[in-house]
Amino acid sequence: MNDATLEVIFLVANTAVLPAWLLLASAPAGGVTRRLVHSGLVPATLAVLYVVLLATAIGAGAIPSDADVTSLSGIRSLLASPIAALAGWVHYLCFDLLAGAWIASDRLARGGGRAALAPILFLTLMAGPLGLLVHVLTRGAHTTPPRL
């Protein structure tokens, strides 16, 4: 894949997740949100894109078969090619959205309101683990026990 194609895929993937995040923030328990986000459909679509990009990167030799994930320099070399970096970015998009869906479900199950949910979802969208951390640290503040 050439750089122009990778840029288009990047723009499409980045833009495509925004409606899912808006659904989580505006209607976290809504029917459309359940069908598209909580069902795993949107994250699974991103996962398919990730697998295609990863396979393409491996096939193009952009990811060596002896890739080193045990050192920072090894990770840097893995992400050095544009297609590998794009695959890594789609990985983030996928798992941050999955974390956002779990946060929304968990917060609502515990009796948390949407007003408190929106900033946490924004943090998760922009800095995944930070939003997750804020949710985990504040999730006990709600009086309704979680459903197991």
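Is Arg107 buried or exposed, and which side chain of opposite charge is nearest to it?

Modeller: Arg107 is buried (under 20% relative accessible area; exposed is over 50% and partly exposed in between, with a 1.4 Å probe and protein chains only). The nearest side chain of opposite charge is that of Asp106, at 6.8 Å (Lys and Arg count as positive, Asp and Glu as negative; His and the chain ends are not counted). Arg107 has no salt bridge, a term for a side-chain nitrogen of Lys or Arg within 4 Å of a carboxyl oxygen of Asp or Glu.

The model is predicted: local features need pLDDT of at least 70 and side-chain atom pairs pLDDT 80 or more, while totals for chains, interfaces and linings use all residues. Residues are numbered from 1 along each chain as its sequence is written, and side-chain values use heavy atoms, without hydrogens and water.

The side chain of Arg107 does make a polar contact, at 3.3 Å, with the side chain of His135 (N or O atoms within 3.5 Å, one able to donate a hydrogen and the other to accept it; neighbours in sequence count only through side-chain atoms). Arg107 sits in helix α5, residues 82–109 (helices are DSSP runs of H or I, at least four residues, and strands runs of E, at least two, numbered from the N terminus).

Now the setting. The protein has six helices and zero strands, and 33% of its 148 residues are buried. Its C-alpha atoms fill a box of roughly 55 × 30 × 25 Å along the principal axes.

The largest nonpolar core has 29 residues, and Leu24, Leu46, Leu53 and Leu97 touch the most other members (such a core joins buried Ala, Val, Leu, Ile, Met, Phe, Trp, Tyr and Cys through side-chain atoms within 4.5 Å). Helices α1 (3–26), α3 (41–59), α5 and α6 (114–138) each give at least two residues to this core. Helix α5, the helix of Arg107, supplies the largest share, eleven residues.

Leu46 touches Val17, Val90, Leu93, Cys94 and Leu97, leaving aside residues up to four places away in sequence (contact means heavy atoms within 4.5 Å). Among contacts in the protein with a separation of 6 or more, 66% join residues 24 or more positions apart.

Helix α3 also holds Ile58. Ile58 is partly exposed, at a relative accessible area of 48%. The C-alpha atoms of Ile58 and Ala84 are 8.7 Å apart, although 26 residues separate them along the chain.
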